[in-house]
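Please have a look at the fold before going through the points below.

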Amino acid sequence: MALYKEMTTHMIGVGGYLPERVLSNDELSTMVATSDEWIRERTGICQRHIIAKDQYTSDLGAEAAKQALQDAGLTIDDIDAIVVATTTPDLIFPSTASIVQHKLGGKDFPAWDIQAVCSGFVYGLAQVDGMMRGGMFNRVLLIGAESMSRILDWQDRSTCVLFGDGAGAVVLEARESDPNHEGGMIGSVLHCDGSYRNLLMAKHSHPGAVPGEDAANLYIDSAGVAAVEMKGNEVFRVAVTKLGEVVGEVLDKYGIKQSEIDWLVPHQANIRILQATAKKLKMNQDRMAVTVDRHANTSSASVPLALNHIYREGKLKLGQLLLFEAFGGGFAWGANLVRWSKD
Ligand code: UT7
């Protein structure tokens, strides 16, 4: 009988990338009937970054990945797989991960995308962790990368003010579990309830791809691509409830008290949603990673960008307990627990 070593997944490199162009609330107010005051009060957003005309999601992902590799002291030759969480792939196919692999100069190792919208990174971390524990890979690049500005209706003030572009990445490494050296991924919980699918969506831009009556209702914006549609206040209510539940669930599952959490690293949709989750966990807001004010909602990139932010500020200390959570279209939501093991 084969003997398997027990493996633990560690985060050994962190990176992020934001496109240069910054779109402030004031500038946005000249494009659509909104105001800096409304956006700040209702969402906490002050500005967002917007991808350049000649950039793609894969470019953002590759830049974030380069920084994460450098941080880990590795090159692409040390990597066994690339997983890109994205809702805004460069193309329908091939995967954005395969394009990122090529842009990084990698070859011959697996690369694939996952799609769980704003929960993509949290889903990806759970998936890759499971594969690494199972001995499938030693080192994986996990990237969340989005160009949400490409799927927004810039005439719709109820959605276009909320999103931004960017990418975050982590290098994950499987190490033999050591009972004397606590650290690394603890575990995850994931959920999806497709009965909520119509509250937040971007319909397909190709009429032939959507069967039946939906085809007649396709929203195609001026650029001829799909656009985000959202029933904001209904999404808000469910998000607050489900995130409150899922953070409790992941703590119960792994026998951890909420007072043990050092950092909440949440999906950055709306400062009021972040605050509600922190309140539920009885956490001070200075223990929460916040980027929504500068990045807005970057979908699957928001959690790794928030992680990158507190990491680069030197706030993460060896042995600290991090709770990641996210909620988005599907609805799909989830949470991961990680004990920080990087010096
Ligand atoms: O990441 C995926 C998950 N997404 C989310 O979690 C987003 C969840 N939802 C939200 O964050 C909030 O619901 C929004 C920020 C989208 C909206 O905030 P709200 O407090 O729920 O506002 P509302 O949709 O109820 O709209 C209130 C008013 C409306 O006007 P009336 O009908 O009261 O006259 C809207 O027309 O605000 C108006 N409005 C705006 N006004 C100025 C909506 N968008 C804007 C805008 N500027 N950009």
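Helix H7 (residues 232-253) has 22 residues and, at 1.5 Å a residue, should span 32 Å; its end C-alpha atoms are 31 Å apart, which agrees. That expected span is 1.5 Å times one less than the number of residues. This is a predicted model: local features need pLDDT of at least 70, side-chain atom pairs count only at pLDDT 80 or more, and totals for chains, interfaces and linings use all residues. Residues are numbered from 1 along each chain as its sequence is written, and side-chain values use heavy atoms, with hydrogens and water left out.

- An α-helix has 3.6 residues a turn, so residues three or four places apart point the same way.

**The chain as a whole**

- There are 10 helices and 13 strands in the chain, assigned as DSSP runs (H or I, at least four residues, for helices; E, at least two, for strands) and numbered from the N terminus.
- With a radius of gyration of 19 Å, close to the 20 Å that the globule rule gives for 343 residues, the chain is as compact as a globular protein of that length. The radius is taken over C-alpha atoms, and the rule is 2.2 Å times the number of residues to the power 0.38.
- Buried residues account for 54% of the 343 residues.
- Of the contacts (heavy atoms within 4.5 Å) between residues at least 6 apart in sequence, 76% join residues at least 24 apart.

**Two buried sites**

- Methionine 288 lies in the loop between H8 and helix H9 (292-295), and is buried with a relative accessible area of 6%.
- Leaving aside neighbours within four places in sequence, methionine 288 is in contact with Trp263, Leu264, Pro266, Leu274, Gln275 and Ala278.
- Threonine 96 belongs to helix H4 (residues 96-103), and is buried with a relative accessible area of 1%.
- Not counting residues up to four places away in sequence, threonine 96 touches Thr57, Ser58, Val84, Thr86, Pro89, Asp90 and Asp113.

Note on methods
Buried < 20%, exposed > 50% of the residue type's maximum accessible area, 1.4 Å probe, protein only.
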